[in-house]
Amino acid sequence: MRSILRNKKTILCFLLPALLVYLLSVIVPILWSGYYSLFDWNGFSDKEYIGFANFAKMLGDTELWDSIINTLVYTFFQIILQVGGGLVLAMLLTKIPFFRRGFQTLYYLPVIVSTVALCQMFKKIFAVTPVGLFNDLLSKINPEWIHLEWLSNPDASLGMVIFTSSYKNMPIYMLIFFSALLTVPHSLKEAARIDGANSWQIFLCINLPHIRPTIVANILLVLNGSLREFDIPKLLTSGGPMQSSQTQALYMYKQAFTSMQYGYGSAIAMFIVIEALIFAVLFRRFSRQRGD
């Protein structure tokens with residue numbers, strides 16, 4: 001069995017189905033988007049070759065740059081909340097001596113719930129008319145807070161999208177961190193306690209260095225997913241009000257499928273791909289330098 005698994009042809013046979021799926025679902029659409037980005041096309045009439053005019057148009061598109069800023073803010077807080085929050089929850093799970101599997105299940109429930117149902121639930125929670133649960137609770141503190149706007153407030157809508165997305169995805173990283181923390185050698189922690197180290201010192205000097213590759217991998221996953229975030233902003237606020245919660249992926253969708261500018265929408269899609277690759281490469285290089 002081991003000799004078979006060492007055979008490169010056997011390994012290739014196992015990898016080939018996944019590679020084909022990845023090629024057809026990711027690489028081919030990216031190549032087609034790159035092709036369409038060079039044309040002025042509404043999806044029905046003949047394509048008109050315009051070269052890099054769509055990319056030049058992006059430079060002066062203020063709505064696009066606003067959506068890019070929203071996406072970067074969204075990504076920054078998702079890294080903090082999903083990775084940081086997931087690590088905190090994982091550490092708490094390791095401290096729970098009983099009902100650990102029950103807490104794992106409860107924490108993971110938001111991931112199981114569909115995104116559509118979750119967004120509808122939060123629309124009801126943050127609603128103003130009729131009064132949602134959140135404002136109802138706030139009114140117990142101050143009756144004037146019962147009419148606070150959340151999803152329809154330009155200053156708060158992006159924060160609501162960030163909160164909803166982190167609530168749904170944080171448990172994924174919690175489980176990854178929990179699995180990584182279980183691999184930390186118990187003997188190292190016991191030796192540190194004998195030497196007089198407290199729990200915080202053990203966490204900083206033993207747990208964190210041991211799970212550093214997991215932290216880097218999780219940050220890359222959140223970074224890549226956040227830069228392409230579409231579904232929750234679309235379902236929760238539709239990018240409004242006044243594009244205050246509009247992400248670059250949502251703006252790309254509107255240009256391609258609402259305004260019927262497939263060429264321009266494809267150019268934005270290519271920008272998102274290049275942006276994600278640049279951030280991923282820069283972060284990997286930075287993390288390697290810090291690791292040295």
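**Close-up views of a predicted model**

**View 1. Met260 is found in the loop between α13 and α14.** The structure shown here, as in the views that follow, is a predicted model. Most residues other than glycine have a negative phi. With a relative accessibility of 27%, Met260 counts as partly exposed, because this class lies between the buried limit of 20% and the exposed limit of 50%.

**View 2. The loop between α12 and α13 holds Gln243 and Pro241.** Here α12 covers residues 231-236 and α13 covers residues 248-258. The peptide bond that leads from Gly240 to Pro241 is cis, with omega near -5°, while Gln243, which is not a glycine, has a positive phi of about 60°. Gln243 is partly exposed, its relative accessible area being 37%.

**View 3. Thr129 and Pro130 are joined by a cis peptide bond.** The omega angle of this bond is about -10°, and Pro130 lies in the loop that runs between α6 (115-125) and α7 (133-141). Most peptide bonds are trans.

**View 4. Glu190 and Arg193 form a salt bridge through their side chains.** The distance from N to O is 3.3 Å, and the structure holds one salt bridge. Glu190 and Arg193 both lie in helix α9, which covers residues 186-194, and they are three residues apart, or about one turn of the helix. Glu190 is partly exposed at a relative accessible area of 33%, and Arg193 is partly exposed at 39%.

**View 5. Arg212, Arg284, Arg285 and Arg288 form a positive surface patch.** Helix α14, made of residues 262-291, gives the most to this positive patch, with three residues. Arg285 is found in helix α14, and Arg285 counts as exposed because its relative accessibility is 53%, where exposed means over 50%.

**View 6. Cys13 is exposed, and Cys205 is exposed as well.** The relative accessible area of Cys13 is 57%, and the relative accessibility of Cys205 is 59%. The count of disulfides comes to zero, where a disulfide would need a pair of cysteine sulfur atoms within 2.5 Å.

**View 7. The chain as a whole has 14 helices and two strands.** Along its principal axes, the C-alpha trace spans about 75 × 70 × 35 Å, and 38% of the 292 residues of the chain count as buried.

Technical notes. Residues numbered from 1 in each chain as written. Predicted model: local features only at pLDDT ≥ 70, side-chain atom pairs only at ≥ 80, totals over all residues. Heavy atoms only, no water. Patch = residues over 30% accessible without salt bridge, like charges linked within 9 Å, V, L, I, M, F, W, Y side chains within 5 Å. Areas by Shrake-Rupley, 256 points an atom, 1.4 Å probe, with all protein chains shown as cover. Salt bridge = Lys/Arg side-chain N within 4 Å of Asp/Glu carboxyl O. Lys, Arg positive; Asp, Glu negative; His and termini not counted. Charge placed at Lys NZ, Arg CZ, Asp CG, Glu CD. Helix = DSSP H or I, 4+ residues; strand = E, 2+ residues; numbered from the N terminus. Buried < 20%, exposed > 50% of the residue type's maximum accessible area, 1.4 Å probe, protein only.
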